Amino acid sequence: MTESAPRREDPPQHPEFEAAVAGGALTSEGPGSQHRYRNLILGGVAILLFAMAMLTSYSSAFGNPTPNGVHLAVTGDAESIVALEQQGSLDLTVVSSEAKARAAVLDREVDGAVVLPAPGKDAAVTTYIASGGGRGLAQAVSGIGDSIAQRLKTTSTATDLAPLPEKDPAGSIEFYAILFAGLGAALGATVFGRILGTVDTSSRFVERSIVLVVYAGALAGLITLWIDAALGAVTVDPGAVFAVLWLTGVAIGGAVTGVAALGGTIAALVTTLALVILGNTSSGGPLGVHLLNDFFQALYYVFPQGDALDLLRSVQYFDGAAIAAPVIRLAVWAAAGILLTLIAMLLRSRREAAARARGAGVLQPTRQHS
C-alpha cells in the first residue's frame with residue numbers, strides 16, 4: 001500500500017538494455033538510441049562528412065601531381081642554367097662539377113641533379129634521379145631533364161642513384177607502413193585511455209608510458225616483419241626499419257595521449273582524424289612532397305608523417321643521410337605529448353585542491369555553529 005505507483009511517462013525497460021551499457025556484453029546491439037531518427041541523421045551526416053573529407057584531401061593532394069619547388073642541383077652551361085632559373089617550379093643549387101651534383105642527390109640535399117652540356121658540343125643532358133625519395137618526384141625530375149634536352153636539341157640520359165626494390169617498384173610500401181604505424185599508434189593511445197583511465201597520478205603516468213612504448217614496439221615489429229618477410233620490401237637491416245617505425249609510433253601515440261589527458265577522448269579522436277585526413281596526405285606519399293600544392297607542403301611541417309616517411313626513406317635508400325631533422329621533429333612530437341600530459345595532471349591536481357579547500361570552508365562554519 002505504501003509503494004508508489006509507476007509513472008506513465010517512464011519508458012519500459014528494454015530486455016537487452018544491459019548489453020548496451022558500458023562494460024556490458026557485446027553479443028547484442030542493444031535497444032538503440034532514445035532519439036532514434038535524430039541521432040540517425042546526425043550520425044549519417046558525420047560519417048558522410050568524414051568520407052568527403054578523406055576524398056577531398058587525398059584527391060587534392062595526389063590527384064594532379066605537379067612540380068612545385070623541386071630542388072635541383074645543376075652544373076654545366078651557364079646560359080641554360082639562367083633559363084632554368086626562370087621556371088618558378090624549380091629551386092636550383094648551382095654546383096661546380098658533376099661529382100658534386102651526384103653527391104648532393106645522395107646526401108638528400110636536393111631532389112635530383114641535371115648536368116648541362118656546353119654549347120656546340122654533341123653531348124647529352126645527364127639527369128640524376130632518386131626514386132627512393134619518391135617515385136613520382138623522380139619521374140618529374142627525369143621529365144625536366146628530357147624537356148631541357150628537347151630545348152637544346154640533344155638527347156638525355158637518366159641515372160637512378162637510389163632505385164626502388166623489385167618488390168616495391170612504386171615505392172608505396174614505405175608510405176603504407178608509416179600510415180598504419182601512425183594510425184595504429186593514435187587509435188591505441190585513445191583506446192588505452194578509455195581502458196586504463198585518466199593519467200592523473202605519477203604512477204599512472206609511468207604505467208601509460210610503459211604501455212605506449214611496449215605497444216609501439218609490438219606494432220613496429222609486426223609491420224617490419226610483414227614488409228620484410230612477406231613483401232620483401234626492406235633493403236637494409238630490418239632493425240633500422242623497426243627503429244623508425246617504433247619512433248613514429250611513440251611520437252604519434254605520445255602526442256595523442258597528451259591531447260586525451262588534456263581534452264578527453266573527443267579531443268583525441270579529433271586529433272586522430274586530423275592525422276589521417278591531413279597528415280598522411282601532406283607527407284607526399286609515394287609521390288614526394290614537392291609534387292604537392294602549397295597548402296599540403298605547408299602542412300608537411302605541421303604533421304609528423306612526412307618526417308617519418310623521409311626518415312624511413314633515408315634509412316632504406318640513402319645510407320642514413322639527412323636523418324637529423326626528421327628525428328628531432330618526431331622527438332618534439334613525443335615531448336609535446338609528455339608536456340601536455342604533465343600540464344593536464346597539474347591542472348587536475350589544482351582543481352582538486354581548490355575543491356577540497358571550498359569543501360573545508362563550507363564545513364568550518366557548520367562546526368562552529370554546533
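This is a predicted model: local features need pLDDT of at least 70, side-chain atom pairs count only at pLDDT 80 or more; totals for chains, interfaces and linings use all residues.
User: Let's start with pockets. What volume does the largest pocket have?

Analyst: Good place to begin! A pocket is an open set of points with protein on both sides. Here the largest pocket has a volume of about 590 Å³. It is lined by 28 residues, and those closest to its centre are Arg108, Asp111, His290, Tyr300 and Asp310.

User: Which helices each supply at least two residues of that lining?

Analyst: Look for helix H5 (135-152), helix H9 (294-300), helix H10 (305-317) and H11. You can find H11 at residues 324-369.

User: How do the lining residues of the largest pocket divide into nonpolar, polar and charged?

Analyst: Sorting a lining by class shows what kinds of side chain face the space. For the largest pocket, the lining has twelve nonpolar, nine polar and seven charged residues.

User: And the second largest pocket: which residues lie nearest its centre?

Analyst: They are Ser209, Leu212, Gly254, Ala334 and Ile338, out of 14 lining residues. The second largest pocket holds about 230 Å³ of space. Its lining divides into eight nonpolar residues, five polar and one charged.

User: Which helix gives the most to the lining of the second largest pocket?

Analyst: That is H7, with five residues. Helix H7 spans 202-230, and H8 and H11 also supply at least two residues each.

User: What is a cavity, and how many of 30 Å³ or more does the structure hold?

Analyst: In a cavity, a 1.4 Å probe fits but cannot get out. The structure holds one cavity of 30 Å³ or more, and about 40 Å³ of space lies in the largest cavity. The elements giving two or more residues to its lining are helix H6 (173-196) and H8.

User: Now the outside. Which residues form the nonpolar patch on the surface?

Analyst: Leu262, Leu339, Ile343 and Leu347 form this patch, and together they have about 330 Å² of accessible area. Helix H11 provides the largest share, three residues. Leucine 262 belongs to helix H8, residues 238-282.

User: Is leucine 262 buried, partly exposed or exposed, and why?

Analyst: The idea is to compare the relative accessible area with two cut-offs: under 20% is buried and over 50% is exposed. Leucine 262 has a relative accessible area of 43%, so it is partly exposed.

User: Where are lysine 153 and alanine 322 placed?

Analyst: Lysine 153 sits in the loop between H5 and strand S5 (156-160), while alanine 322 lies in the loop between H10 and H11.

User: Why does lysine 153 count as exposed, and what is the relative accessible area of alanine 322?

Analyst: Lysine 153 counts as exposed because its relative accessibility is 79%. Alanine 322 has a relative accessible area of 44%, so it is partly exposed.

Terms used
Residues are numbered from 1 along each chain as its sequence is written. Side-chain values use heavy atoms; hydrogens and water are left out. Patches are made of residues with over 30% relative accessible area and no salt bridge: like charges are joined within 9 Å, nonpolar side chains (Val, Leu, Ile, Met, Phe, Trp, Tyr) within 5 Å. Accessible areas come from the Shrake-Rupley method with a 1.4 Å probe; for residues, only the protein chains shown count as cover. A salt bridge is a side-chain nitrogen of Lys or Arg within 4 Å of a carboxyl oxygen of Asp or Glu. Helices (H or I, at least four residues) and strands (E, at least two) are DSSP runs, numbered from the N terminus. Buried means under 20% relative accessible area, exposed over 50%, partly exposed in between (1.4 Å probe, protein chains only). On a 1 Å grid over the protein atoms alone, a cavity is a set of points where a 1.4 Å probe fits but cannot get out, and a pocket is an open set with protein on both sides within 12 Å along at least five of seven lines; lining residues have an atom within 4 Å of a point. Grid points are joined across faces, edges and corners, and a volume is the space filled by probe spheres set on the points. Ala, Val, Leu, Ile, Met, Phe, Trp, Tyr, Cys and Pro count as nonpolar, Asp, Glu, Lys and Arg as charged, and the others, Gly among them, as polar.
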